[in-house]
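Hi,

Here is the structure I said I'd pass on.

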Amino acid sequence: MKKISVIPGDGIGPEVIKAAVKVLDKACPKEFEFVYVSMGGNAIDKFGVPLPDESLKTCKESDATLLGAVGGAKWDSQPPENRPEKGLLKLRSGLEVFANIRPAKIFAPLASACPLRKDIAEKGIDFVIVRELTGGIYFGKHEFLDNNNSARDVMQYSRDEIKRIALVAFNAAMSRRKILTSVDKANVLSTSRLWREVINDVAKDFLEVKINHLYVDNASMQLIKAPSDFDVIVTENMFGDILSDEASQIVGSIGMIPSASLGENNRGLYEPIHGSAPDIAGQDKANPIGTILAAAMMLRYSFKMHSEADKIENSVNQVLNEGFRTPDIYTEGTKLISGSKMRDEIISRL
Ligand code: NAD
């Protein structure tokens, strides 16, 4: 039996995780042993830290980790090094998952939920963001100086860190439409100038891939103006964080998008891209589809169980085709249902 560490987390995390585990149980009966692990605000309450050593150890010993989301106002007053999000950063670096893959694809039945002009949405939107996940400004030194009158965050990248994420992105492009957009801020930042140099070096081994470089400010405009032009986007940690939230709105809702974080081995960390959504927690309004699709990504990337992953994605598509919608993707004329009903509709079609 394959062992999966499951981290429900805080807010809507436990609701969406329950849905994904039930879907996995139905799609792949008796394949997985689920081991529940504490992380986030609930771990601070119980153990005083956002990621207890025991939790990280369990995740490292598992074949894959499935995460809901962490955080919430209750823990906002924690010192910076003990906030729930710190647990997540520690987990990502502890598992050495440096490549975050975030697909942004518009499901045909959800075209009307796309906030862009109809002629833009109808061109088809299907791209993948490959975000560097364990380097850059989120992992640099953060400090207040001069009696709290100034502050500094350090952004640093090495050639090796850029090269390994570039390889993931070029290989992803090779398996798709062979168009790679590298996003940086090379007109201002030294890390971006190094980024561009390394991307161009790696490109010499992938001559079939058409490579474009965009500054991040321009990329954020082009994503709205012509999203169908994009195939694979590769970028550093913070730019990827911001652009993938933008992408989530283009395809309908942040509740729809899964992500896979991968390292040199196939172990992987799988999660929806949304946070703990305290504004809707406990109200059965959370869309579980992002987490369910993250579980499908886990089947593909960590276990090569492609037919089972297809089955899950087809069930999601079918339920959307039949007009079922959680509040975040509801439009007039469709059928409004709760998060748990969405989960059960998907399971009943597996
Ligand atoms: P968020 O993603 O939690 O919520 C943003 C908006 O999207 C909210 O209106 C929310 O209701 C909605 N939303 C999110 N997921 C949804 C879903 N599945 N279905 C329907 N609607 C959904 O972002 P936020 O409000 O900026 O952050 C809330 C907390 O989550 C904070 O503590 C933040 O630090 C944390 N956070 C955690 C992660 C993570 O665990 N990976 C990521 C981002 C934010």
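A quick word on handedness before the rest: a crossing counts as right-handed if the near helix is turned clockwise from the far one by less than a right angle, and as left-handed if anticlockwise. Keep in mind that this is a predicted model.

With that in hand, α1 passes α10 in a right-handed crossing. The two helices, α1 at residues 13-27 and α10 at residues 289-301, pack with their axes 8 Å apart and at an angle of about 45°, which makes α1 oblique to α10. On the α1 side the contact is made by Val16, Ile17, Ala19, Ala20, Val23 and Leu24, and α10 brings Thr291, Ile292, Ala295, Met298 and Leu299. Sorted by type, the residues of this contact are 10 nonpolar, one polar and no charged.

Now the sheet. It is open and mixed, with 10 strands in the order β2-β1-β3-β12-β11-β4-β5-β10-β8-β9. β2 (32-36) and β9 (210-215) are at the edges with a single partner strand each, so one side of each has no neighbour in the sheet. On average, neighbouring strands are turned by 25° against each other, direction ignored.

Within it, β8 (residues 179-184) and β10 (residues 232-235) run parallel and are joined by four bridges; Leu180 sits opposite Val232 in β10.

Two helices to look at on the sheet: α4 (residues 84-94) touches β1, β3, β5 and β12, and its direction makes about 145° with that of β12. α7 (residues 190-203) touches β5, β8, β9 and β10, with its direction at about 175° to that of β9.

Cheers

Terms used:
Residues numbered from 1 in each chain as written. Predicted model: local features only at pLDDT ≥ 70, side-chain atom pairs only at ≥ 80, totals over all residues. Heavy atoms only, no water. Axes fitted to C-alpha atoms, helices over the stretch in contact; angles between N-to-C directions. Parallel < 35°, antiparallel > 145°, perpendicular 65-115°, else oblique. Contact = heavy atoms within 4.5 Å. Nonpolar A, V, L, I, M, F, W, Y, C, P; charged D, E, K, R; others polar. Pairing = 2+ DSSP bridges.
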